[in-house]
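This report goes through one protein model, from its strands to its ligand shell, its core and a few backbone details. Keep the sequence and the structure in view while reading.

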Amino acid sequence: MTVRFGEAELEYPSAQFGELRDSSNLLGGGDEMRARLDDDGYLFLRGLLPRDQVLRAQRSILEYMDERGALTPGKPVLEGVMPRDAKWVNLMNPDISHSDAVITVLESPDLFSLFRDLLDDEVRTYAYKWLRAVGNDSFTGCHYDVVYMGQGSQRVHTVWIPFADIPIYQGTLAICEGSHRLPGFQRLRETYGKIDVDRDRTEGWFNKDPREILDKFGGRWLTTEFRAGDILTFGLYTLHASTTNTTDRYRLSCDVRFQPASDPVDPRWVNKVPRHTRTDGPVRSMEEARAGWRI
Ligand SMILES: O=C(O)CCC(=O)C(=O)O
């Protein structure tokens, strides 16, 4: 099938855009999971979280949106249909991101246990939760998370959690395999990978065209048909993006962070309410930054 992926179109599955490898057979084996994460740049764990809890959280998020007039009247709430004149609802509000049903999933004992094994240490999570309803035609551009959250531990791991079964054409997360270690990405890591969006007053997405990444640096994009209960985790230097939501239904997901408890923390994200540190004034466009880096 042809998938809209940011501003590009790619065939899936293909040599350029393949399927994430399920590592759930490695659960409990710290050394094996670390080796896999070092090699692949990610761990995809099918069914790590209790599916019934994830679906209960999905229902409560959709009810919250419906109560605020964000869903199409007359359609089943559980379908999460986006109206034409869609109204934005802030799901990063702790009223919903920290509601019982949602926090049960985002701070599940299964996640703490996974990261204790993986990081071989006591772990903590950030109180800020990036809970998202991504609508029609929307996507996330290609980026490293370090540009947003690199002011603390370098061992921060993102966990992407879908709140439903999400087909690729509804906007799934994709990672660029090898972007954390292949020599072709070295210049990207040394330039773009060294910025901080606040300190350097620069846009965060490197681009909106996953195909350009392959052409310039190499690697291979990977995603999957996600199911409620699956998680995808990766470190600060794995390039990722989302496919475009081409449906009229919201794509619900949340990204949360885990790191060793004794490492420094990025002060922007430890609390429920973020602490923005960018001062007022013009922000450098990525186009200008890239011209300076000659990439
Ligand atoms: O869900 C998305 O569209 C973006 C998620 C993301 O960028 C992340 O998990 O770091």
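Strand S8 (residues 173–177) and S11 run antiparallel and are joined by three bridges. The model is a predicted one. S8 and S11 belong to an open sheet of four strands, in the order S3-S9-S8-S11, with mixed pairing. Strand S3 (17–19) and S11 are the edge strands, each pairing on one side only. From one strand to the next, the twist averages 35 degrees.

| Strand paired with S12 | Sense | Bridges |
|---|---|---|
| S5 (residues 123–125) | antiparallel | three bridges |
| S6 | antiparallel | five bridges |
| S7 | antiparallel | six bridges |

Arg124 has Gln259 in S12 as its bridge partner. Ala133 stands opposite Leu252 in S12, and the bridge partner of Trp160 in S12 is Asp255. Is S12 enclosed or in the open? Eight of the 10 residues of S12 are buried, so this strand is largely enclosed by the rest of the structure. Helix H9 (residues 286–293) has eight residues, and the number buried is zero, so this helix lies largely in the open. After H9 comes Arg294, with a positive phi near 55 degrees.

Next comes the ligand. The residues around the ligand are Arg132, Val134, Thr140, Asp145, Thr158, Trp160, Leu173, His240, Ser242, Ser253 and Asp255. Two or more residues of this shell come from each of strand S6 (130–134), strand S7 (157–162), strand S11 (240–242) and strand S12 (251–260). Sorted by class, the shell has three nonpolar, five polar and three charged residues.

What about the interior? In soluble globular proteins, nonpolar side chains tend to be buried together. The largest nonpolar core here has 79 residues, and the members that touch the most others are Ile61, Phe163, Ile231 and Leu232. Helix H2 (residues 51–67) supplies the largest share of this core, six residues. Which residues does Ile61 contact, leaving aside its neighbours within four places in sequence? Ile61 is in contact with Leu91, Ile96, Val102, Phe163 and Leu252. Of these, Leu252 is the residue opposite Ala133.

Some backbone details remain. Most residues other than glycine have a negative phi, and most peptide bonds are trans. Tyr12 and Pro13, however, are joined by a cis peptide bond with omega about -5 degrees. Pro13 is in the loop between strand S2 (8–11) and S3.

Asp120 is not a glycine, yet has a positive phi of about 55 degrees. This residue sits in the loop between helix H5 (109–119) and S5. Is Asp120 buried or exposed? Asp120 has 12 other C-beta atoms within 10 Å, so it is exposed. Asp137 is also not a glycine, and its phi is positive, about 75 degrees. Asp137 lies in the loop between S6 and helix H6 (146–149). With 12 C-beta neighbours inside 10 Å, Asp137 counts as exposed. The cut-off that settles both cases is 12 or fewer such atoms for an exposed residue.

How values were computed
Residues are numbered from 1 along each chain as its sequence is written. This is a predicted model: local features need pLDDT of at least 70, side-chain atom pairs count only at pLDDT 80 or more; totals for chains, interfaces and linings use all residues. A residue is near a molecule or strand if its C-beta atom, placed from the backbone, lies within 6 Å of it. Ala, Val, Leu, Ile, Met, Phe, Trp, Tyr, Cys and Pro count as nonpolar, Asp, Glu, Lys and Arg as charged, and the others, Gly among them, as polar. A residue is buried if 20 or more other C-beta atoms lie within 10 Å of its own, exposed if 12 or fewer, and partly exposed in between; C-beta atoms are placed from the backbone. A nonpolar core is a set of buried Ala, Val, Leu, Ile, Met, Phe, Trp, Tyr and Cys residues joined through C-beta atoms within 7 Å. Two residues are in contact if their C-beta atoms, placed from the backbone, lie within 7 Å. Two strands pair if DSSP finds at least two bridges between them. Axes are lines fitted to C-alpha atoms, for helices over the stretch in contact, and angles run from 0 to 180 degrees between N-to-C directions.
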